[in-house]
Amino acid sequence: MAPLHAPLNLLIVEDNDDLRDSLADALGTRGHHVVALDCAEAVPEQAELTRLDLAIVDLNLPGEDGLALAQRLREAQPGLGIIMLTARAQSSDKVAGYEHGADIYLTKPVSLQELAGAVQALGRRLKPAGP
């Protein structure tokens, strides 16, 4: 039987240590390769971004915010999947997220199952499982 999804190379940018660790653990146990960083400035340069399939980005980051990071990621790698995961729940925030490159916008708190489902759904488009 074929796997439900191909393993993805994921980037998580979240400044809350506990949340970042729990997201990385949960997605890693589902077979994904996860790099988890605490700020946008720690995101690798453009050449290294080509190995990423999907980024999960918080908006309220120290320094460069998540909107600017998402836009930078989208410009560097147009095919990258971007999930924004944030406490900002206003419609205007969601619209800004999509305008800056988000494919999916989720608000905190989010269940790990819902996030894993969003990753899997977006991953099907980005990296289909083989036969």
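A nonpolar core is a set of buried Ala, Val, Leu, Ile, Met, Phe, Trp, Tyr and Cys residues joined through side-chain atoms within 4.5 Å. With that in hand, welcome to this structure, which is a predicted model.

**The cores**

The largest nonpolar core here has 20 residues, and Leu-11, Val-43, Leu-69, Leu-73 and Met-84 touch the most other members. Two or more residues come from each of strand 1 (9-13), strand 3 (54-57), helix 3 (66-76) and strand 4 (81-86). Helix 3 is the top contributor to this core, giving four residues. There is also a second, separate core, made of 17 residues, among them Ala-24, Leu-27, Leu-115 and Leu-122.

**Helix 3 and its surroundings**

Which residues of helix 3 are buried? They are Gly-66, Leu-67, Leu-69, Ala-70, Leu-73 and Arg-74. These residues lie on the same side of helix 3, because they cover an arc of only 160° around the axis. At the start of this helix, a side-chain oxygen of Asp-65 comes to within 3.2 Å of the backbone nitrogen of Leu-67.

Ala-96 itself belongs to helix 4 (residues 91-99).

**Strands 1 and 2**

Now for the other part of the tour. Strand 1 and strand 2 pair in the parallel sense, with five bridges. Within this pairing, Ile-12 stands opposite Ala-36 in strand 2. Between the two strands the chain passes through helix 1, and this β-α-β crossover is right-handed.

His-32 sits in the loop between helix 1 (17-28) and strand 2 (33-37). The side chain of His-32 reaches the backbone nitrogen of Leu-8 at 3.0 Å.

**Two buried residues, side by side**

Is His-32 buried or exposed? His-32 counts as buried because its relative accessibility is 8%, and the cut-off for buried is under 20%. Ala-96 counts as buried too, at 18%. The table gives both values.

| Residue | Relative accessibility |
|---|---|
| His-32 | 8% |
| Ala-96 | 18% |

Technical notes. Residues are numbered from 1 along each chain as its sequence is written. This is a predicted model: local features need pLDDT of at least 70, side-chain atom pairs count only at pLDDT 80 or more; totals for chains, interfaces and linings use all residues. Side-chain values use heavy atoms; hydrogens and water are left out. Buried means under 20% relative accessible area, exposed over 50%, partly exposed in between (1.4 Å probe, protein chains only). A polar contact is a pair of N or O atoms within 3.5 Å; within protein, one must be able to donate a hydrogen and the other to accept it, and residues adjacent in sequence count only if both atoms are side-chain atoms. Two strands pair if DSSP finds at least two bridges between them. A crossover is right-handed if, with the strands pointing away from the viewer, the path from the first strand over the helix to the second runs clockwise. The arc is that of the directions from the helix axis to the C-beta atoms.
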